[in-house]
Each structure stands twice: as C-alpha cells, then as structure tokens.
Amino acid sequence: MNCFQWLQWLVEYVEGARDEGPPGLNLSLSSPLWGVVWVFLMAFIVLFSGQSSKFIYIDF
Amino acid sequence: MIFNTAAYYLLFLFPSALAFRRASSQLRPWIIALFGCAFFVYFSVTSLGSGWFGAACVGIFVWESLISRLYTPGAKICFLGITASVLFLGVFKYWNFFTGLFLGSRETNHLYWVGAFLPLGISFFTFEFIHYAVDRYKGKTEAGTLGEYLAFIFFFPTMVAGPIKRYQDFLPCLREPNRDWVKDWNRGVTRIMWGLAKKFVLADSLTALTDHLNQKDIAVAPRAILLVWLFAYGWKIYFDFSAYSDIAIGSGRLFGIKIPENFSWPYFQTNITAFWRHWHISLNKWLVDYVFIPLGGSRGSLAFICRNVLIVMLVSGIWHGAGVNFVVWGLWHGVLLVIHRLWAYWLGEGKKERVEGVTPDKPASLPSRLASWALTYIFVNLGWAFFVMDMPTALFYFHRLFGG
C-alpha cells in the first residue's frame, strides 16, 4: 500500500465510510477522540448553516 | 432541503431507527414502511411546493406494492410493472419537455401541463421498481413479504435521491440487521455529520462562485475566471451529491442496514471509463444491468459496443433532467467513453481489462498518469457546462472561453 492509498483509507475511516482504520493507526471506534471530531464538525455545520441551500439532485 | 432540516432527524430518522432496532422481526419492515409513507407525505406537503397533489402520489407506491405481488419468474405481468414505472416517470418528469419538442413553447403547446410537479424522488424510486420487476422476471431475487417490499420502496433515507438499492442486498439487512449498535451508530453519526459539513461548508460556499454562471456575468468575465467558475461547479456538485449520499448511507447505518456506496474518489481517476465507475456508482451499475447488457453489452463488434455506450449515456443524460442541455451532457460523456474505447483499441491493446481501467501489466509512468488524469479531469469538468447551464448559456460560455 503506498502513501496515497493509506491517506485515502484514513480519510474514509475518519469520514465513517470504513469500519477499520488503515494499518498502523491506533484509533478505535470507542476512542473519545471521535467526540472531539463530532464537536468540530458540529461547530462548522452551525457556523456555515446560515447560507440557503438545496441539494442539487433532489427532484423539485 | 430535507436532509439539512431538524425535522428529518427528530421526526423521522432517530425515532424510526430506534423503533426499528427495538422491534420484533415481524414489525421491523412495517416500521420502515410507516415512517417512509409519513416522510413522503410530510415533505411533499411542506418542502417541495407540490402540496397535497405530490402527497397523493403515495398512490404510486400503493399501485407498485400491489402489482409487485403478482411478479413471478417469467411472468409477463412484470413488463406491465416496468411499463407503468416508465410511464410514471415519463409523464411527471418529461411531459412538457417531449410535447414541447413537437408543439413548441408553452404559448403554442396546447398539451402543456400547467402546474406540472415532480413527485418526491420519482427518478430514483421508479428505477428501484424497474430493478425489482426485471430481477423477479429473471428469477434473480425472491419476492419477500408485502411488508418487506414496502420497507424497500419506502426506505426514506434513500427514497429521495438514492443510492439506488438492490432488493436482494437490502432484504438480508432488513431481516437480520447488524447487531453491533455501538459501531453502527458511531459510523452512521460520523458519516451523517461529515455529509452535513461537506454540504454546508464546502458545497454551499462554492455557490458564491457558481452563481456567476449566467449570461450577464459570462459576458464580462476574463477567460481564466470562466474556468474557475466552471471547475468550482464541478467541486460543488461533487460535494453536494456525495454529501447527500453520506447522509443517506449514514442514516441506513443507524438501522443496521448497509446502503451501497455512490462515490469513490471520482476526480482522482485517470480515464473516463474509470471515472464512471467511481461517480454515482449505483446509477451506473443500474444502467449497465438494465440498459447496457439488455442492448447486448460488450458482446459484439467495436461499433456495436460504441453504439450501446452512446445509448446508455443518452439515457443517463435524459434521466438527469428534462432539457436539451442534459441530452447534450449525456452525449458528451458518451463520446468521451467511445473515444477512450477507440483509443485503447487503436493502441493495439484492445483488451477488455485495458479499456476498463484495470492496472496493466506494465504500470504507466508518472508523467503518463498525470497527463491522463489531467485530460480526464478537464473534460469531465468542461462537460458540467451543459449540466449547470441551459443550451444557449452553455454555448455562449464556450464561445467566450474559446472564441474570446
């Protein structure tokens, strides 16, 4: 596995698309760090949620 | 809006996922069906402007649930179901477009449907109806109970904009959802939050650039800025649609139900064939199984295969929208795919694996891969001009971009 593939795996794991982290990463799903990730995400979502938006692909 | 509203999470997702987890196996499908029906009516009335007429289209689901009980392997009635689904989609989505092609604009088109509306998610759920009818006809999936089929068609996280599910993949998860709550809710909530962040932070922020894709602004902008705006749209639509898919897949995870992936690093692909294996994956698998293969697929001469590719992308373009610009967008990608096939054949490789982007025996050099990636990226993004703008505006855009 090259560096680029490892980074892709890491992004997918952090994003929630994979259940297992990449080789060498010691971050289990029960780690409190996920709470920190969620707090940051929620902060960004709240900060940017003032913009009006529609999902492009939804029929309307 | 829907997936970025509090109502989606507080009225539908969390209550239904919790009830689903706690319910007996007999009740589980009916919980999804009930919440899905309520979701369809609620958002038809409150969010999409189609009001009670849109909500009444829940009758389409009633029709589908009844006729689907008559599907058996080899039964001709499956074709009635397929025809009905195509008619529903054709009438609601394309009536004014197709009648307009023959009878002109609204003023001269006496068949124009004033007050036309789109039932919520019709482009997606009709494709799931067709999949079920075809696979039942071929004996590739079991019937399941009425409740199980209602749960499939009313599964609200994917009802509105996919990913397009397969019944034979959905049924095992419905009958035996994953029992690891902690893992499912960690992954599901994480996925949903990343989807919302992608939508609000990335996709919506790019609107500041993409809103300039109109004739007035295109007329005065420098060429480099024209490209910035269009490429920004390429990222906007990726973040927007992949964000929705993240929310849908994450929502499914809360139920313990696995939903197929829809995007896998599409803009990193080094040829157009690989791009279409990584962009809107569930739709393209559907098109391969229910359009490309019935047309004859790759079994035939090169000209025959290219014809099939063009037809599939024409269907894809039309499916995306009722407008000439969407037809052109589909054909744009069809031509790119044909060129890729011809290029591989002309190079003498001519092998299926080479065309479909599988790693060759001798890996390409880095400059070669970078050049392939750049070409793919540029042409995919130029094609978005036909997706985001109507034909006159898109043609004006290219005139300004290449003609000055």
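## Salt bridges

A salt bridge is taken here as a side-chain nitrogen of Lys or Arg within 4 Å of a carboxyl oxygen of Asp or Glu. The model is predicted. E15(A) and K198(B) form such a salt bridge, with 3.4 Å between the closest N and O atoms.

One of the salt bridges joins R175(B) to E142(B), where the closest N and O atoms are 2.9 Å apart. This pair links distant parts of the chain, its residues being 33 apart. R175(B) belongs to helix α9 (residues 167-175) of chain B, whereas E142(B) sits in the loop between α6 and α7 (146-153) of chain B. Side chains of opposite charge can pair when their charged atoms come close.

## Interface of chain B and chain A

The size of an interface is often given as the accessible area lost when the parts come together. Between chain B and chain A, about 3,500 Å² is buried, and carbon and sulfur atoms give 66% of that area. On the side of chain B, the residues that lose the most area to chain A are R187(B), M193(B) and W265(B); together they give 20% of what that side buries.

In terms of contact, 48 residues of chain B meet 31 residues of chain A. Eight residue pairs, with both residues at pLDDT 80 or more, are in polar contact between chain B and chain A. Four elements of chain B give two or more residues each to the side that touches chain A: α6 (122-137), α10 (181-203), α13 (223-255) and α16 (302-320). Of these, α10(B) supplies the largest share, 14 residues. By class, the residues on this side of chain B are 28 nonpolar, eight polar and 12 charged.

## Nonpolar surface patch

Residues of both chains make a nonpolar surface patch of about 480 Å²: F4(A) with F268(B), L366(B), L370(B) and W373(B). Helix α19 (residues 366-388) of chain B gives the most to the patch, namely three residues. The residue from chain A, F4(A), lies in helix α1 (residues 3-15) of that chain.

## Backbone details

Which residues does a cis peptide bond join? The bond lies between G162(B) and P163(B), with omega at about -5°. P163(B) is in the loop between α8 (156-159) and α9 of chain B.

W265(B), named above among the residues that lose the most area to chain A, has a positive phi of about 55° although it is not a glycine. W265(B) is located in the loop between α13 and α14 (272-278) of chain B.

Notes:
Residues numbered from 1 in each chain as written. Chains lettered and ligands numbered in written order. Predicted model: local features only at pLDDT ≥ 70, side-chain atom pairs only at ≥ 80, totals over all residues. Heavy atoms only, no water. Contact = heavy atoms within 4.5 Å. Buried area = accessible area lost by both parts, 1.4 Å probe. Polar contact = N/O pair within 3.5 Å; in protein donor to acceptor, adjacent residues only side chain to side chain. Nonpolar A, V, L, I, M, F, W, Y, C, P; charged D, E, K, R; others polar. Patch = residues over 30% accessible without salt bridge, like charges linked within 9 Å, V, L, I, M, F, W, Y side chains within 5 Å. Areas by Shrake-Rupley, 256 points an atom, 1.4 Å probe, with all protein chains shown as cover.
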